[in-house]
Amino acid sequence: MAEHRSMQRGALLDAARSLLSEGGTEALTFPALAERTGLARSSVYEYFRSRAAVVEELCAVDFPVWAAEIEGAMERAETPEEKIEAYVRSQLGLVGDRRHRAVVAISASELDAGAREKIRAAHGGLVAMIVEALAALGQSEPRLAAMLLQGVVDAAVRRIELGAAEDPAVVTAAAVAMALRGVRG
């Protein structure tokens, strides 16, 4: 019984990922989840009390996996520059991944404080790593620089997701160049 429940919960989360990556947070509704999974709408409520609860669970499940991939890439890098490049490249490399799209849709949405706190905690580890690399490069305001760097990454993510004129590799290279050399290009 417990195994069946966890399978259904997994199916609901997977359906939620698809809905988020296809249509953002507006697409994530209980009727849509019921339709995707073949469950009765009342059954969906047995697993999750609200949309926010679905989102929170997705954060708890997907964000750490996503963060660990980025962290792994940074740990394999040796110099601070390589760590920064790994930070940018690995985030942009995950753009096509449904988990990433769900995470992006989630972070753009209205989350309750609990879910936001979970995301911040997972993100905090990444930010701490990048702050360290920026400090090692002699950046006098490494925390501020980390926030601005994340802004560049977020803009590049949006550019790739829009299916902009440029190839994702071009967007990635430009983001890496900006991260490493500022606007000198």
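Student: Where does UniProt place the feature "DNA-binding region"?

Tutor: This is a predicted model. The UniProt record, an unreviewed entry, puts the feature "DNA-binding region" at residues 29-48. Over residues 29-48 the chain is 75% helix and 0% strand, and the end C-alpha atoms are 12 Å apart.

Student: How many aromatic pairs does the structure hold?

Tutor: There are two aromatic pairs.

Student: Why is the pair of Phe30 and Tyr45 called tilted?

Tutor: The ring centres of Phe30 and Tyr45 are 4.4 Å apart, and a pair needs centres within 6.5 Å. The planes of Phe30 and Tyr45 are at 50 degrees. Stacked planes are under 30 degrees apart and edge-to-face planes over 60, so the pair of Phe30 and Tyr45, at 50 degrees, is tilted.

Student: What parts does the pair of Phe30 and Tyr45 tie together?

Tutor: Phe30 belongs to helix H2 (residues 30-37) and Tyr45 to helix H3 (residues 41-47), so the pair ties together parts that are 15 residues apart in sequence.

Student: Is Phe30 buried or exposed, and how exposed is Tyr45?

Tutor: Buried means under 20% relative accessible area. Phe30 has 6% relative accessibility, so Phe30 counts as buried. Partly exposed lies between that limit and 50%, and Tyr45, with a relative accessible area of 47%, is therefore partly exposed.

Student: What makes the pair of Phe63 and Trp66 edge-to-face?

Tutor: The planes of Phe63 and Trp66 are at 65 degrees, and edge-to-face means over 60, so the pair is edge-to-face. The ring centres of Phe63 and Trp66 are 4.9 Å apart. Both residues lie in helix H4 (residues 51-76), three residues apart, about one turn of the helix. Phe63 and Trp66 are both buried.

Student: What sits over the ring of Tyr47?

Tutor: The charged end of Arg5 does, 4.4 Å from the ring centre of Tyr47. The cut-off for that distance is 6 Å.

Student: How many salt bridges does a search of the whole structure find?

Tutor: The search finds seven salt bridges. One of them joins the side chains of Arg9 and Glu57.

Student: How do you know that Arg9 and Glu57 meet in a salt bridge?

Tutor: The N to O distance between Arg9 and Glu57 is 3.1 Å. A salt bridge needs such atoms within 4 Å, so the distance of 3.1 Å qualifies. The pair links distant parts of the chain, with Arg9 in helix H1 (residues 2-27) and Glu57 in helix H4, 48 residues apart. Arg9 is partly exposed at 25% relative accessibility, and Glu57 is partly exposed at 23%.

Student: Which residue forms a salt bridge with Asp14?

Tutor: Arg17 does, the closest N and O atoms being 3.2 Å apart. Both residues lie in helix H1, three residues apart, about one turn of the helix. Asp14, Arg17 and Asp62 are linked in a network of salt bridges.

Student: Why is Arg17 called buried?

Tutor: Arg17 has 10% relative accessibility and buried means under 20%, so Arg17 counts as buried. Asp14 is partly exposed, with a relative accessible area of 34%.

Key. Residues are numbered from 1 along each chain as its sequence is written. This is a predicted model: local features need pLDDT of at least 70, side-chain atom pairs count only at pLDDT 80 or more; totals for chains, interfaces and linings use all residues. Side-chain values use heavy atoms; hydrogens and water are left out. Rings of Phe, Tyr and Trp (its six-membered ring) pair if their centres lie within 6.5 Å; planes under 30 degrees apart count as stacked, over 60 as edge-to-face and the rest as tilted. Helices (H or I, at least four residues) and strands (E, at least two) are DSSP runs, numbered from the N terminus. Buried means under 20% relative accessible area, exposed over 50%, partly exposed in between (1.4 Å probe, protein chains only). A charge sits over a ring if NZ of Lys or CZ of Arg is within 6 Å of the ring centre and within 35 degrees of the ring normal. UniProt positions are given in the numbering used here, feature names are shortened, and annotations may be inferred rather than shown by experiment.
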